[in-house]
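The following exercises ask the reader to work through one structure step by step. Each task is followed by its solution.

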Amino acid sequence: MVHTARKEATAGAVPLAVALIAEHARRTDAAHRAPETWVDQLRELGALAPGDPAVVPAWHRSARRPPAEAWRIVLQLVGVLRSTPRIEVLVPPPSRWGPARPRRSVEAAPGDDRVLRRIRGLLAKAESTEFAEEAEALTAKAQELMTRHAVDAALLDAGPAPSEGVGTRRVHVADPYVRAKMQLLATVAEANDVRLVWYRSLGIANLVGSRPDLDAVELLFTSLLLQVAQGLAAAERQAGGRPGARTFRRAFLLGYAQRVGERLQAARKRATAEAAAERGVDLLPVLRSRREAVDSAVAELFPRVRASRSRASVDAGGWYAGRAAAERADVGPRRSSLR
């Protein structure tokens, strides 16, 4: 709802949407009744704090807007929310929540926490460096570590019902260049055995996969968005700020996404082969079983999904500049394996 308000309404509608969601959460006791993923989103929005039940008047006072402008925002938000299309239900809605229950503290295993800290550290370095080669080498290294982590999880969870480990997550992609950013997310997802289904008109992606893979995709995608922004700024300076910058930027993102996807796939294959050699086991049956479980979950959750392919022409200069920005790092076999 907040993503849609930000996309289709005005910026002033976002605090009002959050305030309405927060009041709904208080009235339904969401903090104690909602699924964990629902509560996590409320926490991210800051919608779990106490608030004024008179939502609209309280928002009007805090925003200090003239009455006519405030009512225009209210009516615009109402119109946007009433016209928003229905989407598939991934977690139980409030009408299906049970009675209040104490929250269990769910903590990652020590090994998981250590691996995620290392991955975040690598990506933080990639985001902060001014050198494209170093940024992309660190990103590839993070992908290898993600793959090793996913392989370990697959071996530990291998059993008669791999579908029990399949989860879902929604990622909201903001303007501009939503389609190009979605392509980048798709390449990251594919490199980590995660399936992506997106609502084109809403800019919302549904990810389906195992929890470690979902964490990896979301983490890496966020990092790559920051990295590609740095690469795009450098490419535009080299291009001299020429006319048609919008088409150049879109093509840059698409070219970057394609080449990054190729490099992530190579890093994944390399890490999988190393893990198989170290353990002396054939990983293909386990990984195939996990992929089949993910595909089955996608078919069940999104029975009407259709594959799409973009046929729009792109700016050649932007395309090759994007590929070049993702090409400079040496992520070949000389890289030492991750322990």
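**Exercise 1.** State which residue of β3 is the bridge partner of tryptophan 198, and describe the sheet.

*Solution.* Step 1: in this predicted model, tryptophan 198 has alanine 205 of β3 as its bridge partner. Helices (H or I, at least four residues) and strands (E, at least two) are DSSP runs, numbered from the N terminus.

Step 2: β3 (residues 204–210) pairs with β2 in the antiparallel sense, over five bridges; two strands pair if DSSP finds at least two bridges between them.

Step 3: the open sheet has three strands in the order β1-β3-β2, with antiparallel pairing. Its edge strands, each pairing on one side only, are β1 (166–172) and β2 (195–199).

A note on conventions: residues are numbered from 1 along each chain as its sequence is written. Local features need pLDDT of at least 70 and side-chain atom pairs count only at pLDDT 80 or more, while totals for chains, interfaces and linings use all residues; side-chain values use heavy atoms, leaving out hydrogens and water.

**Exercise 2.** Determine how α9 and α11 pack against each other.

*Solution.* Step 1: two packed helices are described by the angle between their axes and the distance between the axes.

Step 2: for α9 and helix α11 (residues 245–279), the angle is about 5° and the axes are 9 Å apart. Axes are lines fitted to C-alpha atoms, for helices over the stretch in contact, and angles run from 0 to 180 degrees between N-to-C directions.

Step 3: α9 and α11 are therefore roughly parallel to each other (angles under 35 degrees count as such).

Step 4: α9 (residues 178–191) also lies across β1, β2 and β3, at about 160° to β2.

**Exercise 3.** Identify which kind of aromatic pair tryptophan 38 and tryptophan 97 form, and where the two residues lie.

*Solution.* Step 1: rings of Phe, Tyr and Trp (its six-membered ring) pair if their centres lie within 6.5 Å; planes under 30 degrees apart count as stacked, over 60 as edge-to-face and the rest as tilted.

Step 2: tryptophan 38 and tryptophan 97 are 5.0 Å apart centre to centre, with 90° between the planes, and their pair is edge-to-face.

Step 3: tryptophan 38 belongs to helix α4 (residues 36–45) and tryptophan 97 to the loop between α6 (67–83) and α7 (110–128), so the pair ties together parts that are 59 residues apart in sequence.

Step 4: tryptophan 38 is partly exposed, at 26% relative accessible area, whereas tryptophan 97 is buried at 8%. Buried means under 20% relative accessible area, exposed over 50%, and partly exposed in between (1.4 Å probe, protein chains only).

Note on methods
Contact means heavy atoms within 4.5 Å. Angles under 35 degrees count as roughly parallel, over 145 as roughly antiparallel, 65 to 115 as roughly perpendicular and the rest as oblique.
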